[in-house]
Amino acid sequence: MGILSAVLLSAFVAVLMTENYGYGYWMISRPIFAGPLLGLMMGDLQTGLIVGASVELMFMGVLPIGGSVPPNAQIAGLIGTIFAISAGGKPEVGIALALPIGILAQLLIMLAWNFNMYLVHRADNALKELNLKRAGRLHLSGLIVFFTVMFIPTFLAVHFGSDFVKNFVDSMPAWFMDGLKVSAGILPAIGMAMLLKMMNFKKYWSFFLIGFVLAVYLELPVLSIALLGLGIAISISVVMNKGDNRDMSLPSPQRGEMEKAKLTRKDLIITFFRSFFSMTSINYERYGSLGFCYAVMPALKRLYGDDEELKEAIVRHNEFFNCHPYTTNAIIGVTLALEDQRAQGKPITSETISSTKAALMGPLSGIGDSVFKATFMTIFAAIGAGLALGGNPLGPIIFIVPNVLLNIISRYYGLMYGYRFGMNLILKMKDSDILNKFVQGATIVGLMVTGSMIVNFVHVGVAAKWNFAGKEIVLQELLDSILPGLLPLILTLVFLWVLREYKKAIYWLILFCFVVGLAGKFFGVL
């Protein structure tokens, strides 16, 4: 590949990767979508579909929750796709290289997080001087940081690695390539186990079993099981609420709206658009503090005409903040409602506002991580990956459209309702148990889908067979007669136990999958 082509392709990869933190968390860099997109650009859509779907399944439950640093699925899928196409359209190449690529990329992202601390400290001085434009530029500089740490290694890999990879692959023995395919079939079990770990598996394990059985014996697709799970969740909620006449509705504008509001709809719309950059300067010291501050800067400037009051408010919102980007806007809305009332002289202290933010971070982070990220995204990723593995280009579209809509809708309505009703929205949801029922329903659907995904995406079988009394006995057929999908189920549950017992077991489990796949093919037992 020529230098110009490598530069352009690397720049495209870096732009896609930057969205993960830089400009909105749109999910366009996820392997299930970015792999086929890159394959389309390079003239091999089918390889892009297969590699993207396979890597998505490998890393499905490996999510960067809070400050965790698992291998990066996005860059693994992108560069893995490039290598697979460069090697002559061999998906197993990209799948095999996904792990080392993902680990290297996550190390570079950690470097970016550390560098962003420098930007935040520079912004501290600008905020104290009320130089909001300079503070905003420092925050947005995180876009350059993330782009750079993604562009350089991608360019080196693309420009110097394709010929090497192709020659290397051609020299590989058949058992090695087949072993990689086996490993690729086992690796999704880690993703399933990670998902189960994040959900309330101990309490709702029966729904996981239902999803597994429906997929094994009725061979229902993931989408059908997801819809069935939704119906079950709604039915349970209705039965539990039978005879309960408490008001379950959210507060109406007449009941909860502030008497006066200094902020206009235009101010909130500006905040809404700026919120898409809330993670641009994310760092290990204060996480999304400067991003939160950047989003509310124009609104605070409108609320506080006095420089000292404005400075106090600005500095107050550059304190530690960490929440899922989709649910952050609900906190922004509530915060601006409190700031609005404080600016009008109401008895709302600075400590009250800071405490409110801190109190909301936990529960809303939990919704974002477990419901939106681990459940909502995963359901559509599973459906999309299933189609993509079969060569259907609709797979990536089925994944991306709901996630983009969720991004926009959750941010917009979280901000608007959060501001309009202030704390009443969250308190009403808590008092009426709507929040708990929402999380319960999402858990039921998520566990049923995960149970079905084990059957559809975790592939492992034994090749052992022997003759007994003149009859050939195939071990895999014997296992299937007991329970189809028994080995994938056992693997997933064992991985779940290991992940619960040992915090850093994920890397050993990934290594285990590769060792089992390669050794199994080498000795002919898999």
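**Figure 1. A nonpolar surface patch.** L394, I397, I398, V401, L405, I408, I409, Y413 and Y417 make a nonpolar surface patch of about 750 Å². Such patches consist of residues with over 30% relative accessible area and no salt bridge, nonpolar side chains being joined within 5 Å; a salt bridge is a side-chain nitrogen of Lys or Arg within 4 Å of a carboxyl oxygen of Asp or Glu. Accessible areas come from the Shrake-Rupley method with a 1.4 Å probe. The model is predicted: local features need pLDDT of at least 70, side-chain atom pairs count only at pLDDT 80 or more, and totals for chains, interfaces and linings use all residues. Residues are numbered from 1 along each chain as its sequence is written, and side-chain values use heavy atoms, without hydrogens and water.

**Figure 2. The aromatic pair of W175 and F522.** The ring centres of W175 and F522 are 4.9 Å apart and the planes stand at 70°, so the pair is edge-to-face (rings of Phe, Tyr and Trp, the last by its six-membered ring, pair with centres within 6.5 Å; planes under 30 degrees apart are stacked, over 60 edge-to-face, the rest tilted). Because W175 lies in helix α7 and F522 in helix α22, the pair ties together parts 347 residues apart in sequence. Helices are DSSP runs (H or I, at least four residues), numbered from the N terminus.

**Figure 3. Charges over rings.** K357 lies over the face of F292, 4.1 Å from the ring centre. The charged end of R420 sits over the ring of Y417, at 5.7 Å from its centre. The criterion is NZ of Lys or CZ of Arg within 6 Å of the ring centre and within 35 degrees of the ring normal. Y417 also belongs to a cluster of ring pairs with W26, F272, F273, F276, Y412 and Y413.

Methods:
Patches are made of residues with over 30% relative accessible area and no salt bridge: like charges are joined within 9 Å, nonpolar side chains (Val, Leu, Ile, Met, Phe, Trp, Tyr) within 5 Å. Helices (H or I, at least four residues) and strands (E, at least two) are DSSP runs, numbered from the N terminus.
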